[in-house]
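Here is a short report on one protein model.

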Amino acid sequence: MKEQSRRTDVDATRESDGAVVPKMSSNNGIPVPAETAEERASTKRNVDQKAARASQHGERASIGLAGVRQKAIEDRMLRFTNLKHHLTPELLWASFYRLNRHAAPGLDGMRWSDYAKDLDSRLADLHDRLRTERYRATPVLRTYIAKTNGGQRPLGKTCVEDKIVQQAVVTVLMEVYDADMYGFSYGFRPEKSPHMALDALAVAISRRKVNWIVDADVQSFFDEIPHDELLRLIDLRIGDRWLQRLILKWLKTGYSEEGVIHRSNRGTPQGSVISPLLANIYLHYVLDDWVHHRRKTVDEGDVAIVRYADDFVLGFQHRHVAEAYLIALRERFAAFGLRLHPDKTRLLEFGRYASSDRRRRGQGKPETFDFLGFTHICSTNRKGWFLLRRHTVRTRLRRKVKEVLENLRKRMHRPVHETGGWLGSIIRGFVNYYGVPTNNSAISAFRDLLAKEWIKVLRRRSQKGRGMTWVKHRQIVDRYLPHARICHPFPNVRFDARYSR
């Protein structure tokens, strides 16, 4: 790899509330814990270190993806100008096998299994087109899925070939950006999960001085990201023009709806492999860097943040600080072409002392808020101590039950063992995600509702079925449907095990 040039002519700063953001601050080797809910190793910058030693022919040798990550950690201001050669045929092959094999086909109608036929020659041709810049992106096939509020959410179906290249680019870029991102960012990152974000939020509310919560929602986030601003922020770290043009192709290719191609200069292709990473990069500079810098430079008491993709929650010790943050957030997002949803973004009193404080003022119970499918509720345990309860969001539970019941009626005359295996897998998936402490009632209700509806379907299969006893039906249900049990530990137990400090 040629020696990477350092960024000297790119202005990475933007004034907002007196803070310089999103400037990439250099690391002086002193570890700064950005959050109780985060873990980030400290690094010490070495401005004299080379990207790679010279080979016998006088050319820079490739440092590999591990070397890219190491250089990204060592120098947070380094611009990578030569990453093209990392997209090798081997990486394309590995990227192909990381894709979902059962995903719906894109605009070309080709499935994963179709592309797997004569895979070697296909990947060789794809690599050659990438190398010679003859690769062309295909528009995304747009469909819609139902939202919990009754609306529709756009979803894109990407072609297999585009998915392969995007997955390879994500693999390369994650070596750079995963080293930059803060510990409170949990969405679509290696060794991160929604439950880790939920644990971090629960621990922050239970242990830190959190009395106020800002429950924020970015309005139409994936549809509103400005392309020019996104590419400007990517250029702060990635100076490879070939890679920038590749990303621009996916942004500009647009989507196909009812046979019509639509182009836009805003938004990322939803449903594509590259979209979550681009969203993470954008919010890293727009939100994460801004909050991190403000917490380090302004004494505003305890300020906690947990973000998963475009969903984030901010916790504050003081009300006036929370109100000032909310005003500054609206201005900050507006400066980058985004908007906070006026109805879904709100400030609420929440925390260990919220119930007692509101009771003393003659007010009702603390409000609740939703995050990653769970409604968070201020409560107490049997000893009267504060307990954060988390229940499945009711609208999600009802929508899931309705969806399963519609499919169950269509499967009325399928073999019992087939339908039983299908229902069992749905219940296991639901429990594996929502089976957290204090959520027993929701997961038990989900299993019981599906069991009762299945019994009704079995009894309607024929006239003889009406003569079967309830006990026999219950035996069938117990044979195929797993019982709902809590499968996750309490947040503090898993969090303390992960972060021993």
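The text below moves from the whole chain to helix pairs, then to rings and loops.

**Overall picture**

This is a predicted model. The protein has 501 residues, and 49% of them are buried. Its secondary structure comes to 17 helices and 13 strands.

**Two helix pairs**

Two packed helices are described by the angle between their axes and the distance between the axes.

Take H8 and H9 to begin with. Helix H8 spans residues 227-235 and helix H9 spans residues 241-252. They pack at about 155°, with axes 11 Å apart. An angle over 145 degrees counts as roughly antiparallel, and H8 and H9 are therefore roughly antiparallel to each other. H8 passes H9 in a right-handed crossing. On the H8 side, the contact is made by His227, Leu230, Leu231, Ile234 and Asp235. H9 brings Arg241, Gln244, Ile247, Leu248, Leu251 and Lys252. By class, this contact of H8 with H9 has six nonpolar, two polar and three charged residues.

Now H2 and H4. The axes of helix H2 (residues 89-97) and H4 come within 10 Å and cross at roughly 125°. That angle makes H2 oblique to H4. The crossing of H2 and H4 is right-handed. Pro89, Leu92, Trp93, Phe96 and Tyr97 of H2 meet Leu119, Leu123, Leu126, His127 and Leu130 of H4. The contact of H2 with H4 divides into nine nonpolar residues, one polar and no charged.

**Aromatic rings**

How many aromatic pairs does a search of the whole structure find? The search finds 20. A pair of rings is described by the distance of the centres and the angle of the planes. Two pairs are listed here.

| Pair | Centre to centre | Angle between planes | Geometry |
|---|---|---|---|
| Phe221 and Phe222 | 5.2 Å | 70° | edge-to-face |
| Phe430 and Tyr434 | 4.7 Å | 35° | tilted |

Phe221 is buried, because its relative accessibility is 2%. Phe222 also counts as buried, at 18% relative accessibility; the cut-off for buried is under 20%.

Phe430 and Tyr434 both lie in helix H14 (residues 416-434). They are four residues apart, so about one helical turn separates them. Both Phe430 and Tyr434 are buried.

Rings also gather in a group. Trp93, Phe96, Tyr97, Trp112 and Tyr115 form one aromatic cluster. Trp93, Phe96 and Tyr97 are also among the H2 residues that meet H4.

**Two buried loop residues**

Is Tyr135 buried or exposed? Tyr135 is buried, with a relative accessible area of 1%. Tyr135 is found in the loop between helix H4 (119-131) and strand E3 (140-146). Leaving aside neighbours within four places in sequence, Tyr135 is in contact with Leu126, Arg129, Leu130, Glu161, Asp162, Val165, Leu246, Lys249 and Trp250. Leu126 and Leu130 are among the H4 residues that meet H2. Leu246 is 111 residues from Tyr135 in sequence. In space, the two are 8.8 Å apart, C-alpha to C-alpha.

Ile225 sits in the loop between helix H7 (221-224) and H8. Its relative accessibility is 0%, so Ile225 counts as buried. Beyond neighbours within four places in sequence, Ile225 is in contact with Leu230, Asn265, Arg266, Gly267, Thr268, Ala279, Tyr282 and Leu338. Leu230 also belongs to the contact of H8 with H9. Ile225 and Tyr282 are 57 residues apart along the chain, and their C-alpha atoms are separated by 8.1 Å.

**Two residues with positive phi**

Where is Asp118 found? Asp118 is in the loop between helix H3 (112-116) and H4. Asp118 has a positive phi of about 60°, although it is not a glycine. Asp118 counts as exposed, at 56% relative accessibility.

Phe188 is not a glycine either, yet its phi is positive, at about 55°. Phe188 is found in the loop between helix H5 (160-180) and helix H6 (194-207). At 45% relative accessibility, Phe188 counts as partly exposed.

Definitions and conventions
Residues numbered from 1 in each chain as written. Predicted model: local features only at pLDDT ≥ 70, side-chain atom pairs only at ≥ 80, totals over all residues. Heavy atoms only, no water. Axes fitted to C-alpha atoms, helices over the stretch in contact; angles between N-to-C directions. Parallel < 35°, antiparallel > 145°, perpendicular 65-115°, else oblique. Left-handed = near helix turned anticlockwise from the far one by under 90°. Contact = heavy atoms within 4.5 Å. Nonpolar A, V, L, I, M, F, W, Y, C, P; charged D, E, K, R; others polar. Phe/Tyr/Trp six-rings, centres within 6.5 Å; stacked < 30°, edge-to-face > 60°. Buried < 20%, exposed > 50% of the residue type's maximum accessible area, 1.4 Å probe, protein only.
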